[in-house]
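Morning, everyone. Please have the sequence and the structure open while I talk.

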Amino acid sequence: MLRACIGRFQHVVTPLLPPLSACPISRPPPLRNMSEAKKEEAKGLTDSEAREACGEPDASTKDFIFQQTMFRIKDPRVSLDFYTRVLGMRLLKKLDFPSMKFSLFFMGFEKAEDIPSDPADCTAWTFSRKATLELTHNWGTENDPEQSYHNGNKPPQGFGHIGLAVPDVYKACERFKELKVPFVKEPDAGKMKGLAFIQDPDGYWIEILSPKPMVTIASTDWS
């Protein structure tokens, strides 16, 4: 019975369909590379749009400061040597948390004579400094050959870098080369001349810049 019904429908429907060769085939236009299309369509904010996006700081925030950036580090001995001997920072304060098995090392560009000798005073003073670097050591990572930290510049990208201002980028970089510091970008590499990027022992990027040359770098059309 079912076969008979199907046969009848085929007999009725099939003659109504034109042969496949008679059907015009329309091909869609080739797809554009989506990344290229996005680049062409993407636009940054204008100066006025950037200003309009900003709110007026609330009066209650007048005494806020940018106090710290935190890096997780594998080996504190290696990192402390790099940030003091190579970059010229000082260890401002060390804090240990034995129950949670980690230590914090606060680094900054401060004079040795300004660091308070009293432990409590030193703690309060350290947290009043601007733009310190907090190095976090989870105990035992230095002994784990498989352990490493994501520096934010490999996929998926997120964090980028910190930056240091120096009197002369080229002289600073010559010294870094002598000290075998790894470079991401040397001063004259790439389009933007006069600034560099180095890496710390954990691979975090550090921009090396000089304030006055940044005027030229910032005002140049790099297209």
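**Strands, charges and rings**

Let's start with a strand pair. E5 and strand E8, residues 205-209, run parallel and are joined by five bridges. Keep in mind that this is a predicted model. Within that pairing, glycine 163 sits opposite glutamate 207 of E8.

Now look at the two faces of E5. In a regular strand, side chains alternate between the two faces of the sheet. Strand E5 spans residues 161-165. Its covered face carries Ile162 and Leu164. Its uncovered face carries His161, Gly163 and Ala165.

Next stop, strand E2. This strand covers residues 90-97, and leucine 92 lies in it. Is leucine 92 buried or exposed? Leucine 92 counts as buried, because its relative accessibility is 4%, and the cut-off for buried is under 20%. What does leucine 92 touch, leaving aside residues up to four places away in sequence? The list is Phe106, Met107, Gly108, Glu110, Ile115, Cys122, Trp125, Thr126, Arg129 and Thr132. Take phenylalanine 106 from that list. In sequence, leucine 92 and phenylalanine 106 are 14 residues apart. In space, their C-alpha atoms are 5.5 Å apart.

On to the charges. Side chains of opposite charge can pair when their charged atoms come close. How many salt bridges does the structure hold? Five. I'll show some of them.

One joins aspartate 96 and lysine 94, with N to O at 2.4 Å. Both partners are partly exposed. Aspartate 96 has a relative accessible area of 38%. Lysine 94 has 40%.

Now go to helix H6, residues 169-178. Lysine 177 forms a salt bridge with glutamate 174, and their closest N and O atoms are 3.9 Å apart. Why are these two residues about one helical turn apart? Because they are three residues apart in helix H6. Lysine 177 counts as partly exposed, at 34% relative accessibility. Glutamate 174 is partly exposed too, with a relative accessible area of 44%.

Lysine 177 has another partner. Glutamate 186 forms a salt bridge with lysine 177, the closest N and O atoms being 3.0 Å apart. Glutamate 186 is partly exposed, at 36% relative accessible area.

Now a contrasting lysine. Lysine 185 is in strand E6, residues 183-185. Lysine 185 is buried, yet it has no salt bridge. Which side chain of opposite charge is nearest to lysine 185? That is aspartate 188, 6.8 Å away. What does the side chain of lysine 185 reach at 2.8 Å? The backbone oxygen of leucine 195. Leucine 195 also shows up among the contacts of lysine 185. Setting aside residues up to four places away in sequence, lysine 185 touches Met192, Leu195, Ala196 and Phe197.

Last topic, the rings. The structure holds six aromatic pairs. Phenylalanine 71 and phenylalanine 159 make an edge-to-face pair, because their planes are at 85°, with ring centres 5.6 Å apart. This pair links distant parts of the chain, 88 residues apart. Phenylalanine 71 is in strand E1, residues 68-73. Phenylalanine 159 is in the loop between strand E4, residues 132-138, and E5. Phenylalanine 71 counts as buried, at 2% relative accessibility. Phenylalanine 159 is partly exposed, with a relative accessible area of 35%.

Then take phenylalanine 97 and phenylalanine 102. Their ring centres are 4.8 Å apart and their planes are at 20°, so the pair is stacked. Phenylalanine 97 is partly exposed, at 28% relative accessible area. Phenylalanine 102 is buried, at 17%.

One more item on the rings. Which residues form one aromatic cluster with Phe71? Phe159 and Tyr204.

That's my tour. Over to you.

Technical notes:
Residues are numbered from 1 along each chain as its sequence is written. This is a predicted model: local features need pLDDT of at least 70, side-chain atom pairs count only at pLDDT 80 or more; totals for chains, interfaces and linings use all residues. Side-chain values use heavy atoms; hydrogens and water are left out. Helices (H or I, at least four residues) and strands (E, at least two) are DSSP runs, numbered from the N terminus. Buried means under 20% relative accessible area, exposed over 50%, partly exposed in between (1.4 Å probe, protein chains only). Lys and Arg count as positive and Asp and Glu as negative; His and the chain ends are not counted. A salt bridge is a side-chain nitrogen of Lys or Arg within 4 Å of a carboxyl oxygen of Asp or Glu. A polar contact is a pair of N or O atoms within 3.5 Å; within protein, one must be able to donate a hydrogen and the other to accept it, and residues adjacent in sequence count only if both atoms are side-chain atoms. Contact means heavy atoms within 4.5 Å. Two strands pair if DSSP finds at least two bridges between them. Rings of Phe, Tyr and Trp (its six-membered ring) pair if their centres lie within 6.5 Å; planes under 30 degrees apart count as stacked, over 60 as edge-to-face and the rest as tilted.
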